[in-house]
Amino acid sequence: MELGIEPTDRRRKRNIQVVFMVFMGLLLFFTVFSNTIQSLTLPKVRTEKPTKGNLLLTIEASGILHPLAEAKLSNTTGLKVQQILVKEGQRVEKGQKLIIYESKTAEQELKDEITNLEKLKIDQQNRQDQYIQSALEEDEFKIRNARRDIEKGKLDILAQENKISGLKNHLTSEKQLFSPFDGLISKLNAVEGLTSLGEPEVIVSNSSQGYRLDIIMDSAHLSSLGISAGEKVEVDVDMSHGQEAQTISGSIEEIVNSESRIDSSSSNDSGKTQTIPQKALRIKVVDLELKGGEQARVKFEKRSLQEGLLLSKEAIHEDREGLFVYKVDEQRGALGNVFVAKKVRIHSSEKNEKETMIQSDVLYVEDSIILESSEPLEDGNRVRLQ
């Protein structure tokens, strides 16, 4: 009987061991399976590692070309325009005649004054005859009066001669309009048969001195790019008369302070604005084909002077406290390592269309930064890597 009981106990123990092992296997299987199922439900994220370097900054601006020097010529006497000798856009030389004015009235006035001068000279001869007559009569009183009349006549004649000289000069200068320098007729307002309309009759630009392009830029961008006066820059100009745009070499003549702009898009707080300091750049270009008024564009492309960590702009987020990124933090778990999204505060110094340069004491080039997630994230969320 004892021999029969012993194999039975042995089989029962073996069965218990088998059941226990099956149970533990199933427990392990379902634990792993449930953990796998749970991991599949975690937000799926795509990451990148930051790179250290300088940010490529590109700034584009446009404006209208204006002459550096120009003369606005007008006729102030109210004379009618008799003949216009130039056309708008025409190049002229210094001293070239531009407009002729009708001067009949002024010429008649000059003739009348010349006639009055002749009368004064005749009167002066009469005074001299009177002086001679008084001397023959030896009348001292009459002699003194005659002398005074003669001196007064000399003064009248001198004044009349000066008046005539002024009328001649005035007639010469106002009868015709001349170019003060070699240049270009940039504007022609004169109309034949009409007097001045209140605007300059002719505007002559001094093309030899070049043209200017004034553009406004944020002071911070200028500092980041290291742009300074005297620097060479390429200017794309839309030429007139259907010509293709040309690239002309220019230079930055000066950089001056400009009126600050108000930016309301830099903050999430309703109604809160930020004042952005700005500077004005005056760029000089010289080209004989330019006439002024052309549309021009410039493009500055440089590496920032400051160095930092570069991240794709998709990785940058903002809340009421400022900017932040989600960093993937790898942690050890009972069934393997798990990945957790950790919110890290940052400071942005510069950005372009694709990248942002950040400053942070807790981020390094070996860190994995989350670019996008299949679900909204919060600090401490477990994630799975793509």
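# Reading the labels on a predicted model

There are four helices and 21 strands in the protein chain. The model is predicted.

Me: How much of the protein chain is buried, and what makes a residue count as buried?
Reply: Buried residues make up 31% of the 386 residues in the protein chain. The label needs a relative accessible area under 20%.

Me: What share of the contacts in the protein chain with a separation of 6 or more comes from residues 24 or more positions apart?
Reply: Such residues account for 74% of those contacts.

Me: What makes strand S6 largely enclosed by the rest of the structure?
Reply: Count its residues. S6 covers residues 97–101, and four of these five are buried, so the strand is largely enclosed.

Me: Which strands pair with S6, and in which sense?
Reply: Strand S4 (residues 81–84) pairs with S6 in the antiparallel sense over three bridges. There, Gln83 stands opposite Ile100 of S6. Strand S7 (residues 176–178) also pairs with S6, again antiparallel and over three bridges. In that pairing, Lys97 faces Phe178 of S7. Pairing takes at least two bridges. Three bridges meet that cut-off for S4 with S6, and three meet it for S6 with S7.

Me: Why is the pair of Phe324 and Tyr326 called edge-to-face?
Reply: The structure holds one aromatic pair. The ring centres of Phe324 and Tyr326 are 5.4 Å apart, and the planes stand at 80°. Rings pair if their centres lie within 6.5 Å, and planes over 60 degrees apart count as edge-to-face. Both conditions hold, so the pair is edge-to-face.

Me: How do you know that the charged end of Lys343 sits over the ring of Phe324?
Reply: The charged end of Lys343 lies 4.5 Å from the centre of that ring. The distance limit is within 6 Å, and the charge must also be within 35 degrees of the ring normal. Lys343 is listed as sitting over the ring of Phe324.

Me: How do you know that the span of helix H2 agrees with its number of residues?
Reply: H2 runs over residues 104–137, which is 34 residues. At 1.5 Å a residue, the helix should span 50 Å. The expected span uses one less than the number of residues. The end C-alpha atoms are 50 Å apart, so the two agree.

Me: Which residues of H2 are buried, and what comes just after the helix?
Reply: The buried residues are Leu110, Glu113, Leu117, Gln124 and Ser134. Just after H2, Glu138 takes a positive phi of about 55°.

Me: Why is Gln124 called buried?
Reply: Gln124 is in helix H2. Its relative accessibility is 6%, and the cut-off is under 20%, so Gln124 counts as buried.

Me: What does Gln124 contact?
Reply: Its side chain makes a polar contact with the side chain of Arg127, at 3.1 Å. The limit for such a contact is within 3.5 Å. Leaving aside neighbours within four places in sequence, Gln124 is in contact with Asp149, Ile150, Gly153, Lys154 and Ile157.

Me: How many bridges join strand S12 to S11, and how many to S13?
Reply: Six bridges join S11 (residues 232–237) to S12 (residues 246–263), and the two run antiparallel. Val233 stands opposite Gly250 of S12. S12 and S13 (residues 274–285) pair in the antiparallel sense over eleven bridges. Asp263 has Gln274 of S13 as its bridge partner.

Me: Why is Ala245 called partly exposed?
Reply: Ala245 is in the loop between S11 and S12. Its relative accessible area is 48%. Exposed needs over 50% and buried needs under 20%, so Ala245 falls in between.

Me: What does Ala245 touch?
Reply: Not counting residues up to four places away in sequence, Ala245 touches Val237, Asp238, Met239 and Arg297. Ala245 and Ala296 are 51 residues apart in sequence and 9.0 Å apart in space, C-alpha to C-alpha.

Me: What makes S3 and S5 edge strands?
Reply: An open sheet of four strands has the order S3-S9-S8-S5, with antiparallel pairing. S3 (70–73) and S5 (91–92) each pair on one side only. S3 pairs with S9 (residues 202–205) over four bridges, and Leu73 stands opposite Val202 of S9.

Terms used
Residues numbered from 1 in each chain as written. Predicted model: local features only at pLDDT ≥ 70, side-chain atom pairs only at ≥ 80, totals over all residues. Heavy atoms only, no water. Buried < 20%, exposed > 50% of the residue type's maximum accessible area, 1.4 Å probe, protein only. Phe/Tyr/Trp six-rings, centres within 6.5 Å; stacked < 30°, edge-to-face > 60°. Polar contact = N/O pair within 3.5 Å; in protein donor to acceptor, adjacent residues only side chain to side chain. Contact = heavy atoms within 4.5 Å.
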